[in-house]
Amino acid sequence: MRPAEFGQARDLAVAAFDDPSIGSLLDALHASWAWIDDLSFVAERNGAIVGHVLYTHTILDAPEKLINVLLLSPVSVHPDVHHSGIGAAMIERSLAALDDRPEPAVFLEGDPAYYHRFGFVAAGEFGFRKPSLRIPDAAFQMRRLRAWQPELQGTLVYQDAFWLTDSVGLR
């Protein structure tokens, strides 16, 4: 995503989720330490943004030290093109772009039936603890990246933006 496209991506997310609070989350993330322009991906059709996938930095509170990891949230597709494969294609391509990064894993909260095809698995089975009891165990997922370390474990710590906008846990 180019920096000038943030407003379009924000509007798309609000439309995709039919929820204005997602705009507040994106505003807070965009203003935070967790945002990196290179981790925001868009899909365009006829010059309009129809898909947006966002990864932000977050922290894993591991036994020995804090570890920088990524969080995938949100994934937005315009309602007019839902179920067209845009979201899946964006997730696949963006995950491929992450393998050269130093973070060892990507976490998310979402539908296991959907995210399993992208290599996401239940994070709890690998010794990770979710950041909130409001997240169902099955929805707390992770995917290894190239920098993965087998001994990695700990508690995922969300950025303030998720807490301040009450965007934690599936509703």
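N46 counts as exposed because its relative accessibility is 80% (exposed is over 50%, buried under 20%, partly exposed in between; 1.4 Å probe, protein chains only). The model is predicted, so local features need pLDDT of at least 70 and side-chain atom pairs pLDDT 80 or more, whereas totals for chains, interfaces and linings use all residues. Residues are numbered from 1 along each chain as its sequence is written, and side-chain values use heavy atoms, without hydrogens and water.

N46 is not a glycine, yet its phi is positive, near 55 degrees. This residue sits in the loop that joins β1 (40-45) to β2 (48-61) (strands, E, at least two residues, and helices, H or I, at least four, are DSSP runs numbered from the N terminus). D166, also a non-glycine residue, has a positive phi of about 50 degrees. D166 belongs to the segment after α5 (160-164), and its 44% relative accessibility is why it counts as partly exposed.

The bond from S73 to P74 is cis, and its omega is near -5 degrees. P74 is part of strand β3, which spans residues 66-77.

**The largest pocket**

The largest pocket holds about 980 Å³ of space (an open set of 1 Å grid points where a 1.4 Å probe fits, with protein on both sides within 12 Å along at least five of seven lines; lining residues have an atom within 4 Å of a point). Its lining has 35 residues, of which F17, P74, V75, S76 and Y115 are closest to the centre. Elements giving two or more lining residues are α1 (6-17), α2 (21-30), β3, α3 (86-98), β4 (105-109) and α4 (112-115). Strand β3 supplies the largest share of this lining, seven residues.

Conventions:
Grid points are joined across faces, edges and corners, and a volume is the space filled by probe spheres set on the points.
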